[in-house]
Amino acid sequence: MQWETVIGLEVHVQLATQSKIFSGSANKFGAEPNTQANVVDLALPGTLPVVNTEALTLAIKFGLAIGAEICTHSVFDRKNYFYPDSPKGYQTTQMDYPIVGPGELEIELANGTKKSIRIHHAHLEEDAGKSLHEAFHGSTGIDLNRAGTPLIEIVSEPDMSGPAEAVAFAKKLHSLVTNIGITDGEMSQGSMRFDVNISIRPVGETTLGTRTETKNLNSFKFMEDAINQEVERQIEVLESGGTIAQETRLYNGDTGLSRPMRSKEEANDYRYFPCPDLLPIIIDKSTIEAIRATLPELPEAKKARFIADYQLSEYDADALSSETKLASYFETCAKTSDDAKLSANWVMGDVSGLLNKNDMHISACPISAENLGALITRIKDGSISGKIAKQVFESMWAGEGDADTIIDAKGLKQNSDEAALESMIDEVIANNPKQVENYRAAEADKRKKMTGFFVGQIMKASKGQANPGLVNKLLAKKLNG
Amino acid sequence: MHSKQLFFTSIGLVKPFELVLEQTMSVTKDDIAKVAKLARIQIDAEQVPEITHGINEILSLVDKMQQADTTHVKPLANPHDATQRLRADEVTAINERDKLMANAPESDSGLFLVPKVIE
């Protein structure tokens with residue numbers, strides 16, 4: 001039987017606020033355990049939550065970026081369950097009146113066509129603390145630094161039909177939320193986590209099959225792998241006459257295996273009700289418009305502008321516009337050097353290559369965009385050849401200074417002195433009579449290829465500094481003359 | 001421990017806008033046992049009939065309320081005629097871990113310790 005896959009995503013995004021959603025504790029990754037957890041985060045009796053304006057603003061920003069309606073009347077609810085890393089005994093979240101209503105996000109498929117993925121809604125909620133099960137004999141250690149970190153949960157419609165579409169959507173969403181600056185997007189630190197709802201049905205069937213939910217995937221690769229596995233598992237179950245149980249599954253990134261959560265871990269009866277500690281949130285239209293005015297250029301618009309203004313290819317524009325910091329690095333470099341095409345080549349080639357190799361982000365690049373632009377300017381004005389530029393680039397990366405300093409210090413300036421080059425050429429011709437004879441005996445169309453030998457000798461004699469254009473011109477004159 | 005008030009909140013039946021209309025609500029002894037388990041409230045078997053009766057009395061009051069015509073009434077999440085005050089995004093808390101942790105029965109290396117929650 002032919003099966004088709006139906007996927008919907010729930011995406012948790014940690015918001016980049018200074019403080020927590022309901023308390024004045026710091027919201028910063030990596031602090032000593034429990035040093036960012038105050039009486040509210042610990043749910044001590046008598047404490048009350050107060051909503052952080054910035055968390056609302058960032059959630060609204062997201063809503064505006066996906067063209068969603070912002071709910072001017074929004075309500076916090078309690079989702080009740082007991083787990084030690086949630087000291088209140090409930091999660092404060094939103095159920096019936098989420099802050100962000102329906103919107104959509106367009107993804108591009110491998111064949112170049114576009115598909116719109118509908119977003120059902122996005123709501124505000126708080127993150128839980130962390131449980132450490134390993135280190136303490138017979139006990140679980142609880143770190144509540146993360147408890148109360150503001151999150152938005154973005155819920156998509158089941159509009160994706162396979163792992164490729166799901167990953168494309170996840171990447172698009174990651175690019176969007178980091179571009180509008182509502183999160184740092186550091187997936188390895190849990191800033192963005194994906195729950196994947198998967199079901200299958202026979203091709204042509206219109207009702208949905210029973211779905212399973214694989215929780216807490218924090219990399220695109222894990223997501224793709226988990227989907228492939230789960231689809232395969234469901235096909236196997238159905239084709240051998242079984243039925244799919246609606247269950248929550250856990251995927252282990254280390255082993256690459258998934259298993260159903262034990263029913264004990266699963267408490268689906270959350271008994272939601274409006275949180276009596278929090279009044280409804282009312283947001284007026286002028287606030288929404290003021291937030292809209294702060295939205296930066298969105299990736300799609302940036303990509304279109306890169307193509308129009310810089311004549312970049314679709315591929316280059318896509319890669320360079322996907323991340324704000326990379327995009328601004330490229331633009332600064334292009335403005336400094338006044339050469340967008342060369343800048344794009346350097347940023348996507350040498351810069352990205354070394355960043356990847358060293359597992360570094362563009363924000364940590366040891367060469368500033370201005371300095372890279374200055375290097376490109378030296379290629380353009382003929383001071384150095386492209387080949388020497390690579391050498392200068394490596395020295396710049398190693399922290400030896402800017403392009404001009406290195407070119408001066410190492411005497412790398414291109415040699416364009418005609419008289420000096422002519423004498424080098426004369427010497428090479430005199431030292432290689434056999435090759436000269438062969439060259440002169442050859443047909444005109446073969447000669448061009450044979451020139452390479454002489455150019456090579458001259459570059460060697462000049463330590464790579466001879467101006468290649470000038471060498472070619474002078475050499476042709478001497479050999480043919 | 002098991003006053004009507006406490007149960008009323010813990011079973012989450014106070015959500016006014018999702019109640020099923022035109023249907024009499026009641027709970028069984030099994031419902032009570034399940035809800036008590038979810039709310040981590042221990043009740044003795046002999047208390048169950050009395051509590052079931054108590055809850056059902058509350059629910060019959062809810063039934064009566066259901067008969068009011070609310071067609072043109074907007075759902076109400078909170079009875080107070082007020083909206084939420086917001087705070088600026090500023091870190092105002094200081095690190096008081098030692099003081100707070102002093103209340104914990106057990107701790108180690110800056111972590112609260114609880115009985116192991118997974119096998």
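Here are some friendly notes on the predicted model of chain A, point by point.

1. **Ground rules.** Residues are numbered from 1 along each chain as its sequence is written, chains are lettered from A and ligands numbered from 1 in the order in which they are written. As this is a predicted model, local features need pLDDT of at least 70 and side-chain atom pairs count only at pLDDT 80 or more, while totals for chains, interfaces and linings use all residues; side-chain values use heavy atoms, with hydrogens and water left out.

2. **Domains.** Chain A is assigned domain 1 (3–290), domain 2 (299–409) and domain 3 (418–480). Such bounds come from an automatic or database domain assignment. The centres of domain 1 and domain 3 of chain A, taken over C-alpha atoms, are separated by 66 Å.

3. **The open sheet.** Eight strands of chain A make up an open sheet in the order β6-β7-β10-β1-β11-β12-β13-β14, with mixed pairing. Because β6 (103–108) and β14 (257–260) of chain A stand at the edges with a single partner strand each, one side of each is left without a neighbour in the sheet. From one strand to the next, the twist averages 30 degrees. A few conventions apply here: strands (E, at least two residues) and helices (H or I, at least four residues) are DSSP runs numbered from the N terminus, and two strands pair if DSSP finds at least two bridges between them.

4. β6(A) runs antiparallel to strand β7 (residues 114–126) of chain A, and six bridges join the two.

5. Strand β13 (residues 248–252) of chain A pairs with β14(A) over four bridges, in the antiparallel sense. A:Tyr251 stands opposite A:Ser258 in β14(A). The hairpin of β13(A) and β14(A) has four residues between the strands, and A:Gly256 takes a positive phi near 75 degrees in it.

6. Two residues deserve a look when you check the backbone. A:Asn216, a residue other than glycine, has a positive phi near 60 degrees; its place is in strand β12 (residues 212–217) of chain A. A:Asn216 is partly exposed, at 47% relative accessible area. A:Asp359, also other than glycine, has a positive phi near 55 degrees, and it lies in the loop between α8 (340–357) and α9 (369–380) of chain A. A:Asp359 counts as exposed, at 73% relative accessibility. Buried means under 20% relative accessible area, exposed means over 50%, and partly exposed falls in between (1.4 Å probe, protein chains only).

7. **Aromatic rings.** Over all chains, the search finds twelve aromatic pairs. In one of them, the rings of A:Phe453 and A:Phe454 have centres 5.2 Å apart and planes at 75 degrees, so the pair is edge-to-face. Rings of Phe, Tyr and Trp (its six-membered ring) pair if their centres lie within 6.5 Å, with planes under 30 degrees apart counted as stacked, over 60 as edge-to-face and the rest as tilted. A:Phe454 is buried, with a relative accessible area of 1%, whereas A:Phe453 is partly exposed at 30%. Elsewhere, A:Tyr81, A:Tyr270 and A:Tyr272 form one aromatic cluster.

8. **Lysines over rings.** The charged end of A:Lys79 sits over the ring of A:Tyr270, 4.4 Å from its centre. Likewise, the charged end of A:Lys390 sits over the ring of A:Trp346, 5.1 Å from its centre. The criterion is NZ of Lys or CZ of Arg within 6 Å of the ring centre and within 35 degrees of the ring normal.

9. **Cysteines.** Searching the whole structure gives zero disulfides over all chains, a disulfide being a pair of cysteine sulfur atoms within 2.5 Å. For A:Cys71, the closest cysteine sulfur, in A:Cys275, is 18 Å away, too far for a bond. For A:Cys365, the closest is in A:Cys333 at 10 Å, again too far for a bond. A:Cys365 counts as buried, at 12% relative accessibility.

Note on methods:
Axes are lines fitted to C-alpha atoms, for helices over the stretch in contact, and angles run from 0 to 180 degrees between N-to-C directions.
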